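This briefing goes through some selected features of one protein chain. Please keep the sequence and the 3D view open while reading.

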Amino acid sequence: MSTIERLPAHKSGVASRTPPGFFQRSGWPLIVLGLLELAWLGWFLCEPLPNAPSPRGAITRGILLLDTFPGVVPDVSFRESLLGKGLDELSHVENLPQRLPIAAAAGLIVLAALGLGDLIRRRLSADLDAGIGERLALDFGLGTVALALAALLLGRLGLLHPWVFRVGLGVVAVAGVAGSRFWKWERPRFETGTAVAVLIVAPFLVLMLLGAMLPAVDFDVLEYHLQGPKEYFQNGRIAFLPHNVYTSMPFGVEMLHLIGMEVMGDWWWGGLVGQLLVALYAPMAAVLIAGSASRLGSRWAGRFAAIVYLTTPWIYRLGVIAYVEGPLCYFQAALLWTLIRGWNDERAPRGRFWGLLGLLAGGAMTCKYTAVLSAVIPWGVFSVADAVRRRSARPVLAFVLGWSVVMAPWMIKNVIDTGNPVYPLAWKVFGGRDWTPAREAQWSHAHGPRPITSAHFWHSVVEVAGRSDWQSPLYLAFAPLAFLKPRSRKPALLLGGYLVYGFLTWWLLTHRLDRFWLPMLPAAAVLAGLGADWSETMAWRIIRAGVFGLAIATNLAYSSTALAGLNEWTGDIEFLRRDMPRRLNAPLATTDARLPADAKILLVGQAAVYHLNHPILYNTVFNTETIEVLAGDRPPQEVRRVLHDRGVTHVYVDWKEIMRHRDPSGYGFTDYVTPQRFAAWIAAGILGPPTAMGMEQDLYEVR
């Protein structure tokens, strides 16, 4: 029997009946199971949140849940409750028209992506017995990969112009709609269970999409996820940025921000379009997760799996903050769905089937290099297994070809720019422009594997299972139960093995940043969906309803707070554009506001620069400090000439950020930048005396 079962679809949303097992014949095991679920939820609600410090003491999810409703906690009025605060943040409906241009631009891009994706899917004969929702979800991912490659090509040719993208996307959207002939697709049947699932996840989706259209607040987003596309937009081309090493990594997701900027003709508003597109990967992934669980179990298992995934605070967070892990989770879901659907489908041509999987694995890797562990290697192993099973090399060759079609352009770009196809990784093998042994040691110290001890291991196990601030209790509550149902036992073993592999590779081979284990969530959601549907007894239904109800209420309460992301969902975007930089970094925002329009700022020690409106020179901490490159050991008058040649009028130094990097737990910072050196330049008449922009931030005028 094949490892991955091709299971028949179920009708009317009713789970298949299996002979009653011991748990279903006896009452007391269900009582024990109910007590275990209650104990797990109790721990989850009482465990302090590690990333939510408070002067009043530890914050727990239980406290947040009690604070949700007025009167539960004494002296908490409706206005002070989380429910009251959330409704207040949703009450400024007069600001919603500000979102219409963002939604319209995103809609144009989505239509173009669906058209391209539909064309690719049909060329690969990859219907795989899919419903309309699953086809659209798969089309979306394939289409965004194609759009990203098109943007890369146009950018390298210096053809970044708003009307090139507006006309091009319009033509592709119209052609895609005409080519798909969607009006001939079979209409989906209305099912009460599906409607109930949609109603449950609707609050999370509404808040997520509104939150995605708010200004960016995260450091990494401000440093490169949005800053890189902004520079490409302003320069009119995609070229090597020697001051920002992160922009040499695959930028498949970031190309959506660039496309949004071109459609809007503005980098700031276009960035919001890109953020909305990133958020749309979540519901698309949920559709494919539901399809996977439905095929392995029942339609109810699929609905449960989608609910588990979309109500996870991590998924909400990935939707409102433009990280790349949200799209990466989508590609993991698409890979799993495609493998389950097509493993034993003899109607799917094997070459095209594995070519499709290769395209999806490539799409995953254009999100993040670490996808080589979560996507490329595992599905590459499956392709080898299929090749052995069929005594043909075609599956492996097709998988590699599909992956190469997507990844080769990004690797060729890096070879041209740096001489290293995976820059800045594998420096010891390929070398790389502007990379030195010292820079490699700094990078490895920050991003290399962490110490291997039993204490660290069990801490990580607990973190992933439920301690992480944005984790949901539903995964551990239901996933183990998938092994109780004979029908789902084999796929549960496969999914469980993949999750063990994912955890171990994350723990052994990365620096264990929490976001790096998130590609496990789609498979874990499928497993949880199967587990939630392990029994149809009334006793289990009651237990399941209680677990879902309490967990979803807890997750929604947490997701509604600023702990999960900026939650001013209906706020005035124009006001937030002005106010958010001040909230994030008041000294830097004040500098940007006060300087004349023709000023150009050289920033030292600060790289979260996306919101700045002035022309700037900056660098990330892993690049050579720009002021060190410009000034070096030159005599004072030569330094003045270099600064004038580059148009620099002011130098901004963030001493606080410099000290943070120089801390033993920081990333490191060059010894070149010192107060004494700046004092010497002041004495030489190169710089004017410092103006304090903050407690530990100084601004110098170039003379």
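Leaving aside neighbours within four places in sequence, F669 is in contact with G605, V621, E625, I658, H661 and R662. The model shown here is predicted. F669 sits in the loop between α30 (655-662) and α31 (675-683), and its relative accessibility is 13%. Buried means under 20% relative accessible area, so F669 counts as buried at 13%.

- F669 and I573 are 96 residues apart along the chain, and their C-alpha atoms are separated by 36 Å.

**The nonpolar cores**

- The largest nonpolar core has 211 residues.
- Y309, F478, V651 and F678 have the most contacts inside this core.
- Helix α12 (residues 267-296) gives the largest share of the core, 20 residues.
- Y309 touches residues including A282, A285, A286 and I289, not counting residues up to four places away in sequence.
- Also touched by Y309 under that condition are I315, C329, Y475, L521, P522 and A525.

**I289 in helix α12**

- I289 is found in helix α12.
- Is I289 buried or exposed? With a relative accessible area of 2%, I289 is buried.
- Not counting residues up to four places away in sequence, I289 touches A305, A306, Y309, A333, P522, A525 and V526.
- I289 and L527 are 238 residues apart along the chain, while their C-alpha atoms are separated by 9.9 Å.

**How helices pack against α12**

- Two packed helices are described by the angle between their axes and the distance between the axes.
- Helix α5 (residues 100-123) packs with α12 at an angle of about 55°, and the axes are 9 Å apart.
- α5 and α12 are therefore oblique to each other.
- The crossing in which α5 passes α12 is right-handed.
- On the α5 side the contact involves I102, A103, A105, A106, I109 and V110, which meet W269, L272, V273, L276, L277 and L280 in α12.
- Sorted by class, the contact of α5 with α12 has twelve nonpolar, no polar and no charged residues.
- Helix α6 (residues 132-156) packs with α12 at an angle of about 135°, with the axes 9 Å apart.
- That angle makes α6 oblique to α12.
- The crossing in which α6 passes α12 is left-handed.
- From α6, the residues G133, E134, L136, A137, L138, F140 and T144 meet L277, L280, Y281, M284, V287, L288 and G291 in α12.
- This contact of α6 with α12 has ten nonpolar, three polar and one charged residues.

**The pair α21 and α23**

- The axes of helix α21 (residues 454-467) and helix α23 (residues 486-509) come within 12 Å and cross at roughly 130°.
- That makes α21 oblique to α23.
- α21 and α23 cross in a right-handed way.
- In α21, the residues H456, F457, S460, V461 and V464 meet F503, L504, W506 and W507 in α23.
- The residues of this contact of α21 with α23 divide into seven nonpolar, two polar and no charged.

**Backbone details in loops**

- Which peptide bond is cis, with omega near 5°? The bond from Y423 to P424 is cis.
- P424 is found in the loop between α18 (394-418) and α19 (427-430).
- D75 is not a glycine, yet D75 has a positive phi of about 70°.
- The location of D75 is the loop between α3 (61-68) and α4 (82-89).
- D75 is exposed, with a relative accessible area of 77%.
- R512 is not a glycine either, and R512 has a positive phi of about 65°.
- R512 lies in the loop between α23 and α24 (521-532).
- R512 counts as buried, at 13% relative accessibility.

Definitions and conventions: Residues are numbered from 1 along each chain as its sequence is written. This is a predicted model: local features need pLDDT of at least 70, side-chain atom pairs count only at pLDDT 80 or more; totals for chains, interfaces and linings use all residues. Side-chain values use heavy atoms; hydrogens and water are left out. Axes are lines fitted to C-alpha atoms, for helices over the stretch in contact, and angles run from 0 to 180 degrees between N-to-C directions. Helices (H or I, at least four residues) and strands (E, at least two) are DSSP runs, numbered from the N terminus. Angles under 35 degrees count as roughly parallel, over 145 as roughly antiparallel, 65 to 115 as roughly perpendicular and the rest as oblique. A crossing is left-handed if the near helix is turned anticlockwise from the far one by less than a right angle, and right-handed if clockwise. Contact means heavy atoms within 4.5 Å. Ala, Val, Leu, Ile, Met, Phe, Trp, Tyr, Cys and Pro count as nonpolar, Asp, Glu, Lys and Arg as charged, and the others, Gly among them, as polar. A nonpolar core is a set of buried Ala, Val, Leu, Ile, Met, Phe, Trp, Tyr and Cys residues joined through side-chain atoms within 4.5 Å. Buried means under 20% relative accessible area, exposed over 50%, partly exposed in between (1.4 Å probe, protein chains only).
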